[in-house]
Amino acid sequence: MTEQIPPRWASETFWKKTAIWVTGGSFVLLVVLTFDSLAKISAGGPRVPAYSVINKDIGYRFDKSKQRYQPVIGDDAPLFGKSLSEEEAEKLVDLGKKTVQAKNCMNCHTLLGNGAYYAPDLTKAWLDQGWIAKESREQMMLNFLLDPEKNARTFGSNRKMPNLEITQQEAEGIVAFLKWMASIDTNGFPHNFRALGAED
Ligand code: HEC
């Protein structure tokens with residue numbers, strides 16, 4: 001009787017080696033992808049502009065070749081008429097972001113894909129068509145945040161935002177945070193968003 005040699009894939013060492021190589025390979029890939037993602041999501045990159053972008057006009061244009069909207073950073077348009085240094089801008093945006101977290105705006109709103117859909121998506125709220133006013137856009141947003149009940153806009157939804165007792169300084173931070181967020185290239189997300197002065 002001749003002894004049969006078992007096929008290679010049936011040996012235990014073959015599977016042990018395969019497991020080690022697959023685990024090692026995946027680990028290296030994960031490290032590379034982590035650094036790649038960090039570079040893409042940090043402020044100051046090509047998709048996520050530096051915080052001082054709040055000193056500029058932010059537009060929203062449909063890119064025919066990509067079939068999606070893209071933010072367009074334009075001329076000088078300082079927020080509240082004050083041109084800020086990179087450091088000052090970061091501080092203001094940071095205050096806004098922390099206020100948004102502390103007041104749990106995500107309980108009702110969505111920001112960059114996280115949150116709820118009870119109230120409008122805030123990712124591009126800075127560019128919302130509703131902010132056409134006699135006064136400046138930032139002043140209108142500020143008044144709304146400080147007293148949303150009195151300055152309700154309700155987009156035909158009949159839902160009202162409650163007064164969250166935001167201070168003037170916090171509200172300015174939120175407006176800066178929303179303006180900066182609108183400048184981020186989110187691959188056209190959220191969809192069906194109708195921007196203020198959008199060009200086709
Ligand atoms: C209890 C739910 C709720 C919470 C919490 C809430 N909002 Fe709202 N928000 C709403 C509703 C409802 C509207 C639409 C109201 C309207 O149009 O008058 C709205 C509208 C807005 C708008 C206008 C949106 C646009 O596209 O123009 C902004 C900006 C906004 N909220 C910011 C915030 C921020 C910042 C926070 C946290 C500090 C927050 N909201 C917390 C319910 C909420």
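Helix axes are lines fitted to C-alpha atoms over the stretch in contact, and the angle between two of them runs from 0 to 180 degrees between N-to-C directions. In the predicted model described here, helix H2, residues 86-102, packs against helix H4, residues 168-182, at an angle of about 100°. The axes of H2 and H4 are 7 Å apart. Angles of 65 to 115 degrees count as roughly perpendicular, and H2 and H4 are therefore roughly perpendicular to each other.

On the H2 side, the contact is formed by Leu92, Val93, Leu95, Gly96, Lys97, Thr99 and Val100. These residues meet Glu170, Glu172, Gly173, Ile174, Ala176, Phe177 and Trp180 in H4. By residue class, the contact of H2 with H4 comprises 8 nonpolar, 3 polar and 3 charged residues.

The chain as a whole contains 4 helices and 4 strands. Read from the N terminus, the order of these elements is α-β-β-α-β-β-α-α. The radius of gyration of the chain is 24 Å, well over the 16 Å given by the globule rule for 200 residues, so the chain is more spread out than a compact globule. The C-alpha trace spans about 95 × 35 × 35 Å along its principal axes.

Two domains are assigned in the chain: domain 1 covers residues 12-41 and domain 2 covers residues 84-182. The centres of domain 1 and domain 2, taken over C-alpha atoms, are separated by 41 Å.

Phe80, found in the loop between strand E2 (68-76) and H2, has a positive phi of about 55° although Phe80 is not a glycine. In the segment after H4, where Pro190 is found, a cis peptide bond joins Phe189 and Pro190, with omega at about -5°.

Key
Residues numbered from 1 in each chain as written. Predicted model: local features only at pLDDT ≥ 70, side-chain atom pairs only at ≥ 80, totals over all residues. Helix = DSSP H or I, 4+ residues; strand = E, 2+ residues; numbered from the N terminus. Parallel < 35°, antiparallel > 145°, perpendicular 65-115°, else oblique. Contact = placed C-beta atoms within 7 Å. Nonpolar A, V, L, I, M, F, W, Y, C, P; charged D, E, K, R; others polar. Domains from an automatic or database assignment. Rg over C-alpha atoms; globule rule 2.2 N^0.38 Å.
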